[in-house]
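Hi there,

I'm handing over the structure we talked about.

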Amino acid sequence: MQSIKEKIKLYNLFPKKNFSQNFIYDDTILNKIANAVEDITNYNVIEIGPGPGTLTEKIFAKNPKTFTVIEIDERFNQILHEISDKINILMHDFLTIDLKTIPFENSVVYSNLPYGIASQIMFRLFDVLPEKMVLLFQKEMADRIIAKVGTKDYGKITVMSSLFYDIKKVTDIKPGAFYPVPGVTSTLLRFDKKNNIPNIDFQKFNKLLTASFGMRRKQLKNNIKSYIISPDVLFKKVGLNFDVRAEDVSLDQYMAIYTELQGVL
């Protein structure tokens, strides 16, 4: 198996800044990512942004039921096809691809997420809700995803992620594991879909959270005042203090607010 450095030299490749490309060449880290889900033999596996395919090779060796990779950079087309003809290779931008063309039923998603568009990719994945996800983030964003209520990192992405998934931090990854070396530490998270996800209108709940966290320094009642006729009545009904801020409201409390306001969202 060729290393990332060998592949880059052989194919005369270089990471592109406009695609936020940072390739992982540390074999120990690649194994840790691939093995974050122990057994994938009965899953449809999707990798977003495989690049030169070093992680792809590790995942493929675990014998997934089906394997689809989605890559925007045409330079990697040949490299990916050389791994195996059993891999379904889609040369496309994940942010614009038709998600119905991808087998997300009973799926596991892997991705070394481009830092600049990680949240956009996450919200697209919330539309299809894979069973499991193994995703690598800039540590700052990972900290927001797994933040505790009442902390400065707690926000919209925290609430939305915890609505759908149980999330576990696997490990932090130092910049030296990547080429080129990024200026930040990365964090690997594993997501397991919850068994009892509330039946809600995703767009309406997203609208509520966007308004709630729109101006963090303001009290929640001011951020969502356009939806509330009697804020004192609503807050008392859902068990919130009248002067509470968005970061102090739990998932269950946001669900209670949503239930009361969904008719006007």
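Here are my notes on the aromatic contacts.

This is a predicted model, so local features need pLDDT of at least 70 and side-chain atom pairs count only at pLDDT 80 or more, while totals for chains, interfaces and linings use all residues. Residues are numbered from 1 along each chain as its sequence is written, and side-chain values use heavy atoms, with hydrogens and water left out.

The whole structure holds 10 aromatic pairs (ring centres of Phe, Tyr or the six-membered ring of Trp within 6.5 Å; planes under 30 degrees apart are stacked, over 60 edge-to-face, the rest tilted). Phe23 and Phe76 make an edge-to-face pair, with 5.7 Å centre to centre and 90° between the planes. The two are 53 residues apart, linking distant parts of the chain. Phe23 counts as buried at 7% relative accessibility, and Phe76 does too, at 0% (buried is under 20% relative accessible area, exposed over 50%, partly exposed in between, with a 1.4 Å probe and protein chains only).

Phe213 and Tyr254 form a tilted pair, at 5.8 Å centre to centre and 40° between the planes. Phe213 lies in a loop and Tyr254 in helix 11, so the pair ties together parts that are 41 residues apart in sequence. Both Phe213 and Tyr254 are buried.

One aromatic cluster is formed by Phe123, Phe126, Phe164 and Phe202.

Two charges sit over rings (NZ of Lys or CZ of Arg within 6 Å of the ring centre and within 35 degrees of the ring normal): Arg124 over Phe94, at 5.9 Å from the ring centre, and Lys221 over Phe242, at 4.5 Å.

Best wishes

Terms used
Helices (H or I, at least four residues) and strands (E, at least two) are DSSP runs, numbered from the N terminus.
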